[in-house]
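Please examine the sequence and the three-dimensional structure shown here. The explanation after them is meant for a reader who has not seen this structure before.

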Amino acid sequence: MIREIVVYDGDCGICEWSAKWVRRHSTGIDTVDHTGYGLKHLSSVWFMADGRKYEGAKAVSAILKRSRLKTARWIGIIIDIPGCRLMAQGVYFMVAKNRRRLSKLFGLKVCTLQNR
């Protein structure tokens, strides 16, 4: 059986925190940082499932839909609604663009590379 896998930026505190959240609240999903997956850098989260690769906000939606938490599953469904999807992509872009500042603000590991 092919397992579902999240590939995240291991250099980003927000990404590391998110990967821990996935491990805690989902079953059947593996997580691996970008270097463990053989990549030099990663500009957005990847989620491989159902023979497809989801990226960014679409990946977040698909991951949340597989959570054991009902609230997270509903958020994943809402994020995937066409009108909300565009807004979610914008929010994802802003978080990714400012992840260095946000990681520092939340006391997480700060990315060593500037906006890749």
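The paragraphs below treat the first helix, the nonpolar cores, the cysteines and the salt bridges in turn.

This is a predicted model, in which local features need pLDDT of at least 70 and side-chain atom pairs count only at pLDDT 80 or more, while totals for chains, interfaces and linings use all residues. Residues are numbered from 1 along each chain as its sequence is written, and side-chain values use heavy atoms, with hydrogens and water left out.

Helix 1 covers residues 13-25; helices (H or I, at least four residues) and strands (E, at least two) are DSSP runs numbered from the N terminus. The expected span of a helix is 1.5 Å times one less than its number of residues. For the 13 residues of helix 1 this gives 18 Å, and the end C-alpha atoms are 18 Å apart, in agreement. Within helix 1, the residues Gly-13, Ile-14, Cys-15, Ala-19, Trp-21, Val-22 and His-25 are buried. Buried means under 20% relative accessible area, exposed means over 50%, and partly exposed lies in between (1.4 Å probe, protein chains only). The buried residues of helix 1 pack against strand 1, strand 2, helix 2, helix 3, helix 4 and helix 5 (99-105).

A nonpolar core is a set of buried Ala, Val, Leu, Ile, Met, Phe, Trp, Tyr and Cys residues joined through side-chain atoms within 4.5 Å. The largest such core has 16 residues, of which Val-6, Val-22, Phe-47 and Tyr-54 touch the most other members. Helix 1, strand 3 (46-49), helix 2 and helix 3 each supply at least two residues of this core, and helix 2 gives the most, with five residues. In soluble globular proteins, nonpolar side chains tend to be buried together. Leaving aside neighbours within four places in sequence, Val-22 is in contact (heavy atoms within 4.5 Å) with Val-6, Ile-29, Thr-31 and Ile-63.

How many disulfides does the structure hold? There are zero, a disulfide being a pair of cysteine sulfur atoms within 2.5 Å. The sulfur of Cys-12 has its closest cysteine sulfur in Cys-15, at 3.4 Å, which is too far for a bond. Cys-12 is buried, with a relative accessible area of 0%, whereas Cys-84 is partly exposed at 25%.

Side chains of opposite charge can pair when their charged atoms come close. Seven salt bridges are found in the whole structure, each being a side-chain nitrogen of Lys or Arg within 4 Å of a carboxyl oxygen of Asp or Glu. In one of them, Arg-3 meets Asp-30 at 3.0 Å, N to O. Arg-3 lies in the segment before strand 1 (4-8) and Asp-30 in strand 2 (residues 29-33), so the pair ties together parts that are 27 residues apart in sequence. Arg-3 is partly exposed at 41% relative accessibility, and Asp-30 is partly exposed at 33%.

Another salt bridge joins Lys-65 and Asp-80 at 2.8 Å, N to O. This pair links distant parts of the chain, 15 residues apart: Lys-65 belongs to helix 2 (residues 56-65), and Asp-80 to the loop between helix 3 (70-79) and helix 4 (82-97). Salt bridges that share partners also join Glu-4, Asp-50 and Arg-66 into one network. Lys-53 and Glu-55 form a further salt bridge, with their closest N and O atoms 3.7 Å apart.
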